[in-house]
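Hello,

Please find the structure below. My notes on helix and sheet packing follow it.

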Amino acid sequence: MTQPGIRILVVDDEPAIRRALRPPLVELGFQVAEASRGEEALQLLRSSSYDVVLLDINMPGIGGIETLKRIRSFAPRLPVLMLTVRDDEEDKVEALEFGADDYVTKPFSTRELIARIRSAVRRVRAPARPEDAPIEIGEIRLEPAKRLVTRRRIPVKLTRKEFDILYCLMSRAGRVVTYSKLLTAVWGAESREEVEYLRTFVRQLRKKIEDDPSNPLYLLTDVYVGYRFADAQMFLEGSSNDGSPAAEEMPDGEHAQESEDVPEDEHEPPKAVD
Amino acid sequence: MRSGRSHGSGLRVLLFTLECALGVVAVILVAAFTHWWLRLLPVVALLYLLIVVLTALWCGFWQAAVVSLSAVVAQSWFTARQPELAIAANPIASVTLLVFVLVALTVSRLSARVTGHAREAESRGGQMEDLYEFTRRTLQMDLHVEPGPQLAELVHEIFNLEAVAVFDADLHDVYAAGFWNVDPQEMAQNVYYFETADDDPVTGVGRRVVRLGTVPVGSLVVRGDTGPLINNAIASLIAITFDRYRAFANESRIETERRTEQLRATVLDSLAHAYKTPLTAIRAASTGMGEMGHLSAGQADLVGLIDEQTRLLGDLTNRLLTTARLDAGEVAIHVARVSAGTLIEEVVAALKDRLASMKVAIEIEDDDLVLSCDQQLMTMLLTQYIDNACKYSNFGSTVTIRVQVTGAEAIFSVHSIGPVIPMADRERIFDRYYRSSTYADRAPGTGIGLSVARRAAQIHGGYVWVTSDEEEGTTFFAAIPLALEREISL
């Protein structure tokens with residue numbers, strides 16, 4: 001599956017990583033530009049236009065986070081994916097708070113990276129969804145206007161807070177929502193530290209919407225960062241493309257065997273996304 | 001030793017004789033002179049008295065007594081030749097003589113006492129100065145080397161003693177200075193073992209047990225001109241110096257260990273960081289190759305192998321990094337309220353791949369159990385335990401993860417059925433780099449993980465242990481206090 005017209009800017013100070021990324025991206029039809037510093041990336045972004053930016057968080061010079069802030073000052077909707085390392089949880093959260101669309105943890109697999117890039121671009125290109133349009137992802141359908149959630153067309157009984165959490169996550173499906181963002185959205189700014197509170201609710205929610213709550217398919221945890229609702233795309237594409245759809249959302253992208261488990265029939269094509 | 005003492009007393013006798021002889025000669029001279037020149041006769045008694053007092057002042061009472069008696073004898077002898085002055089014939093002369101003797105003795109007694117006091121004060125002052133000097137020198141002593149030899153030399157030199165022996169019980173060594181004609185080793189050790197403390201005025205030997213508080217830490221034997229009080233003081237100063245040496249040695253050992261640990265951690269840390277970039281490039285390249293397609297089955301297989309091994313290397317690097325930071329005390333602790341259930345669920349979710357071939361049972365006694373802990377550290381601990389259970393359990397067996405409350409502690413346990421851990425290994429498997437000989441070639445690993453688990457528990461004020469036998473299987477435990485009573489610190 002090629003991606004005609006997607007222009008991607010790779011910003012990383014390590015030439016080896018840029019070299020490893022270029023061939024597969026070009027092969028898959030991306031137009032690739034490179035920058036080794038944040039300053040250089042900002043110059044390129046001002047002179048030409050791109051569809052997505054891959055931005056390393058640890059770089060000499062102004063660094064990833066500062067570059068992100070400056071990008072956001074003139075391009076609020078440009079998808080930016082951060083390249084991070086494992087133990088930089090605080091940096092990840094900070095980047096997300098400053099408007100990064102997503103992050104990938106080094107060492108990442110190219111498949112996972114490409115899936116994230118596609119999903120970020122898709123979101124931006126998708127027409128704006130009305131506030132109370134129903135959202136359907138996999139077997140879960142949420143109707144904001146009626147405050148109704150169904151699973152396999154059977155209504156799921158949710159408390160008010162559970163519904164709010166689910167709505168917050170499903171309306172941003174495919175993207176990680178940080179703990180504090182979620183807490184602020186549901187309980188208000190004064191509760192943004194009460195992560196344990198949130199966990200209890202998520203546990204209850206999983207019991208209601210997941211087949212196997214300890215092995216969730218929809219309501220995924222980004223350890224130390226937040227929660228993310230599975231991308232509708234992974235249920236849509238099912239067996240249709242080159243890889244495993246489930247792998248898209250797994251932190252390591254090594255879960256090809258699980259693609260078989262993804263139910264791909266028995267439900268209507270989602271209308272909410274794309 | 002004895003010959004030394006008799007040598008000294010012989011000298012003293014000689015000196016005494018010489019002083020007496022001088023006084024007697026002076027008396028005889030005065031008597032003879034008076035005999036020839038009779039006009040001196042009325043003041044002769046005063047002249048004698050002068051000699052006696054001077055002798056008493058310079059030499060001592062007994063010398064003065066001898067001189068005054070000699071004066072009586074000399075006077076009697078010379079006057080016996082002059083009948084008009086004979087004692088027997090002249091009662092006044094007898095009375096004068098008697099009074100003279102009494103006055104002479106009294107005056108000598110008094111002046112000798114004054115001189116004695118002065119000397120004593122002088123010698124005490126000297127001893128105080130010596131003690132002061134000794135204190136000063138011990139304080140300035142180089143504590144990088146054992147203190148015994150320096151102490152023995154100092155005592156010998158400062159107090160001007162004939163011989164000194166110091167026994168350091170901790171190092172079990174005797175240090176001697178000066179000349180001993182018996183074996184100072186045995187002598188000093190006997191003082192320590194039999195706890196004998198005494199002063200022998202005949203031989204001039206003082207023995208002291210060197211104590212710190214009530215604990216004997218060594219002994220001191222001296223021979224020479226000191227007093228019991230001075231010996232006590234020396235023994236105390238030696239004890240203090242021993243103590244300072246131990247404290248100093250301990251402190252420098254700890255400091256050295258800390259520095260080594262820090263250096264090691266820094267090296268590990270920078271190594272792990274340096275590995276990250278090449279690892280990322282390799283993984284991106286190998287998975288990129290897979291994404292580009294056009295690979296034959298064999299090529300795809302090899303690319304998959306590269307990817308898999310890179311991930312292994314990545315995991316190892318991460319683990320090294322965490323250990324290094326834990327050891328260097330660089331892990332920032334974030335205490336938060338976390339429910340035990342969440343902890344276990346998240347760890348199990350993260351280990352989903354590895355647990356794929358196992359049955360997992362989670363038993364949470366109290367679903368509302370909430371701990372004050374650092375989630376990252378606790379996750380590390382549980383990950384390690386579960387990972388360990390996966391590696392070493394029999395294929396297809398059940399791994400049971402349990403948490404229960406006992407007293408003021410939450411006990412996490414991970415149970416699996418697998419080879420028994422030998423008794424001798426049960427404590428050591430928590431040591432860094434230790435790998436049980438039974439397992440070393442059975443499963444991949446670095447011998448780091450369980451030490452991380454123990455460190456994580458310790459940081460929370462908890463502890464870890466393991467039980468293992470053929471029938472019950474192997475269970476790793478971690479007890480974590482429910483409420484952190486003290487400040488968490490590394």
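This is a predicted model: local features need pLDDT of at least 70, side-chain atom pairs count only at pLDDT 80 or more; totals for chains, interfaces and linings use all residues.

In chain B, helix α5 (residues 148-158) lies across strands β1, β2 and β5, and runs at about 25° to β2(B).

Now the chain B sheet itself. The sheet is open and has five strands, in the order β2-β1-β5-β4-β3. The pairing is antiparallel. At the edges stand β2 (173-178) and β3 (198-200) of chain B. Each has a single partner strand, so one side of each is left without a neighbour in the sheet. On average, neighbouring strands are turned by 15° against each other, direction ignored.

One pairing in detail: β1 (residues 163-168) and β5 (residues 215-223) of chain B run antiparallel and are joined by six bridges.

On to chain A. Here an open sheet is formed by three strands, ordered β10-β12-β11. Pairing is again antiparallel. The edge strands are β10 (176-178) and β11 (219-222) of chain A, and each pairs on one side only. From one strand to the next, the twist averages 30°. Three bridges join β10(A) to β12 (residues 226-229) of chain A, and these two strands run antiparallel. A:Val177 stands opposite A:Tyr227 in β12(A).

Which helix lies across β10, β11 and β12 of chain A? That is α6(A), running at about 70° to β12(A).

The helix α6 (residues 160-170) of chain A also meets another helix, α7 (residues 179-187) of chain A. Their axes come within 10 Å and cross at roughly 130°. That angle makes α6(A) oblique to α7(A). The crossing is right-handed.

The contact residues are these:
- From α6(A): A:Lys161, A:Asp164, A:Ile165 and A:Cys168.
- From α7(A): A:Leu182, A:Ala185 and A:Val186.

By type, the residues of this contact between α6(A) and α7(A) divide into five nonpolar, no polar and two charged.

Best wishes

Notes
Residues are numbered from 1 along each chain as its sequence is written. Chains are lettered from A and ligands numbered from 1 in the order in which they are written. Axes are lines fitted to C-alpha atoms, for helices over the stretch in contact, and angles run from 0 to 180 degrees between N-to-C directions. Helices (H or I, at least four residues) and strands (E, at least two) are DSSP runs, numbered from the N terminus. Angles under 35 degrees count as roughly parallel, over 145 as roughly antiparallel, 65 to 115 as roughly perpendicular and the rest as oblique. A crossing is left-handed if the near helix is turned anticlockwise from the far one by less than a right angle, and right-handed if clockwise. Two residues are in contact if their C-beta atoms, placed from the backbone, lie within 7 Å. Ala, Val, Leu, Ile, Met, Phe, Trp, Tyr, Cys and Pro count as nonpolar, Asp, Glu, Lys and Arg as charged, and the others, Gly among them, as polar. Two strands pair if DSSP finds at least two bridges between them.
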